[in-house]
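Student: Please show me how to read a few features of a structure, one at a time.

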Amino acid sequence: MALQINQLCVNCWACEPLCPNTAIYEAKPHFLIDPMKCTECAGDHDDPQCAAICPIEGAIVDDFGVALNPPGSLTGIPPERMARAMAELRSH
Ligand code: SF4
Ligand code: SF4
């Protein structure tokens, strides 16, 4: 049971100091989580602290690849609307 940081991470450092198990470490090209150390914060906090502070949607996922902050959850912009806006921007 461990979370993972993926390529969407922007290396902002916000999560690293919050981990109760020092499971998060700087790496290239982005931060990583040591799966042997991550407990998903069980016993320390109600929520995984890294996902609670991460400002990037989709950058932290669970064992099944499911994002803890899925698209739209932080921006409040529905994913379909964002996709339409991006398509429109690209067409100009
Ligand atoms: S879920 Fe908790 S234990 Fe796991 S990396 Fe994130 S902050 Fe650390
Ligand atoms: S808070 Fe998110 S974007 Fe920032 S370093 Fe951690 S995983 Fe990467």
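Student: How does the span of helix α2 (residues 79-90) agree with its number of residues?

Tutor: Helices are DSSP runs of H or I with at least four residues, strands are E runs of at least two, and both are numbered from the N terminus. The expected span is 1.5 Å times one less than the number of residues. The 12 residues of α2 should therefore span 16 Å, and the end C-alpha atoms are 16 Å apart, which agrees. This is a predicted model, where local features need pLDDT of at least 70 and side-chain atom pairs pLDDT 80 or more, while totals for chains, interfaces and linings use all residues. Residues are numbered from 1 along each chain as written, chains are lettered from A and ligands numbered from 1 in written order, and side-chain values use heavy atoms, without hydrogens and water.

Student: How many residues of α2 are buried?

Tutor: Buried means under 20% relative accessible area, exposed over 50%, and partly exposed in between (1.4 Å probe, protein chains only). For α2 the number buried is 0, so the helix lies largely in the open.

Student: Where is P29, and is P29 buried or exposed?

Tutor: P29 sits in the loop between β2 (24-25) and β3 (32-33). P29 counts as exposed because its relative accessibility is 65%. Its C-alpha atom is 8.5 Å from that of N11, 18 residues apart along the chain.

Student: Which residues are around ligand 2?

Tutor: A residue counts as near if one of its heavy atoms lies within 4 Å. Those around ligand 2 include N11, W13, F31 and P55.
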